[in-house]
Every structure is written in C-alpha cells, then in structure tokens.
Amino acid sequence: MTGKPYNVLFLCTANSARSILAEAILNREGAGKFRAFSAGSHPRGEPNPHAIELLKKLNYDTGFARSKSWDEFAVEGAPQMDFVFTVCDQAAAESCPVWPGQPMTAHWGVPDPAAVEGNEAQKRLAFADAYRMLSNRISIFVNLPLASLDRLALQKRLKEIGQAKTAPSGETA
C-alpha cells in the first residue's frame with residue numbers, strides 16, 4: 001500500500017439502508033486503510049430510521065449518514081474511487097456513471113431490509129441480517145492482501161466475496 005487509504009464507494013438505489021450500513025462498517029473495520037462512501041442512483045433523501053437505530057445500537061457515530069446521489073462522486077474534484085460495490089440488485093442493473101481511474105467493481109447484493117413487511121421485530125431482524133452479511137463480506141475484503149494480488153486475481157476475489165451465500169443463521173448456505 002502506498003500509505004494513502006483506498007477509496008471505496010457502496011452503491012444502492014435509495015442510499016438509505018444497505019449502502020449506508022456498508023459505509024459505516026468499512027470506515028470502522030478498515031480505518032486507516034480504507035475510506036468508505038455511499039450513494040444511490042435515486043436517493044431517498046434520508047437514511048432509513050431502522051439503519052440508523054441499528055448503527056447507534058452498535059456504537060457507530062451516525063453523523064456521517066445522509067442519503068446522496070452517486071452524481072456527487074462522478075464530478076471533477078470528487079474523491080477518486082479504487083473500488084465500487086453495488087449492494088442491491090437494482091443498482092447492479094443500472095447504467096453507472098463512468099468512474100475516473102477505472103476502479104475495481106463487484107456486485108455484493110444483499111436483500112433489502114427496508115422491503116420487509118411485518119412487525120417491528122421482523123424489520124429489525126432484517127436490518128440485523130443485512131448488517132451481518134455486509135460485515136462478513138467487508139471483513140473478508142479488508143483482510144485481502146491487496147498489495148500482493150494482481151488486478152485479475154483481485155477482481156476474481158471481489159466477485160467471489162459477493163457471491164458467497166450466507167444463511168440468516170450466519171452459516172454458509
């Protein structure tokens with residue numbers, strides 16, 4: 001590593017839940033080595049209250065959390081991304097902006113916890129499951145030997161991380 005942190009952008013359509021959770025997790029887990037950001041193609045305008053509640057419960061500072069457009073990261077002067085991950089199926093299918101510097105990309109789809117219908121306990125469980133899945137993937141990512149992997153090998157590993165199926169109990173399916 002060159003000493004500068006790697007910039008990572010997590011994309012999801014609304015930028016209100018999964019991408020914000022991923023941003024928080026990577027900024028904690030990869031502190032000093034990574035700088036995480038999140039954005040959406042059609043931002044909702046505010047983070048999902050269940051996402052904020054969960055992050056606060058897990059002792060995250062949520063002052064960073066805001067729902068924003070991916071356009072903020074595709075303009076001159078924006079941080080140059082080293083990695084861009086889509087965490088929802090809609091964002092993976094959309095035409096993404098062209099990111100300067102040709103960042104590595106991968107799809108790490110996670111079921112949308114905000115789409116879960118039911119009582120408050122079921123909704124909180126859906127957010128906890130999304131958090132766990134993202135946390136597991138990010139933990140693998142931050143522990144990759146980035147400096148020693150060539151671009152092709154790294155791209156393969158990033159795709160594999162996103163394809164790992166994890167059952168709600170935490171066991172690999």
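The largest nonpolar core of this predicted model has 40 residues, and those with the most contacts inside it are F10, F83, W108, F141 and L158. Such a core is a set of buried Ala, Val, Leu, Ile, Met, Phe, Trp, Tyr and Cys residues joined through side-chain atoms within 4.5 Å, where buried means under 20% relative accessible area with a 1.4 Å probe, protein chains only. Because the model is predicted, local features need pLDDT of at least 70 and side-chain atom pairs count only at pLDDT 80 or more, whereas totals for chains, interfaces and linings use all residues. Residues are numbered from 1 along each chain as its sequence is written, and side-chain values use heavy atoms, with hydrogens and water left out.

**Cores**

- Two or more residues of the 40-residue core come from each of β1, α1 (18-29), β2 (34-39), α2 (49-57), β3, β4, α4 (120-142) and α5 (151-163), and α4 gives the largest share, eight residues.
- A second, separate core of nine residues includes F37, A39, W70 and F73.

**Fold and strand pairing**

- The chain has five helices and four strands, taken as DSSP runs (helices H or I, at least four residues; strands E, at least two) numbered from the N terminus, and their order along the sequence is β-α-β-α-β-α-β-α-α.
- Strand β3 (residues 83-86) is covered on both faces, with F83 and F85 buried on one side and V84 and T86 buried on the other.
- Strand β1 (residues 6-11) runs parallel to β3 and is joined to it by four bridges, while β3 is likewise joined by four bridges to the parallel strand β4 (residues 104-107); strands pair if DSSP finds at least two bridges between them.
- T86 in β3 stands opposite L11, and its bridge partner in β4 is H107.
- Beyond its neighbours within four places in sequence, F83 has contacts (heavy atoms within 4.5 Å) that include Y6, V8, F34, M104, F141 and L158.

**Whole-chain totals**

- Buried residues make up 47% of the 173 residues, and residues 24 or more positions apart account for 71% of the contacts with a separation of 6 or more.

**Confidence**

- The mean pLDDT, the predictor's confidence in each residue from 0 to 100, is 88 for the chain, and 88% of its residues reach 70 or more.
- Confidence is highest in α2, at a mean of 98, and lowest in helix α3 (residues 89-93), at 56.
- Over residues 167-173 the pLDDT is below 50, although this stretch has nine contacts in the model beyond near neighbours in sequence.
- Where pLDDT is low, the predicted coordinates should not be read in detail.

Conventions
Buried means under 20% relative accessible area, exposed over 50%, partly exposed in between (1.4 Å probe, protein chains only).
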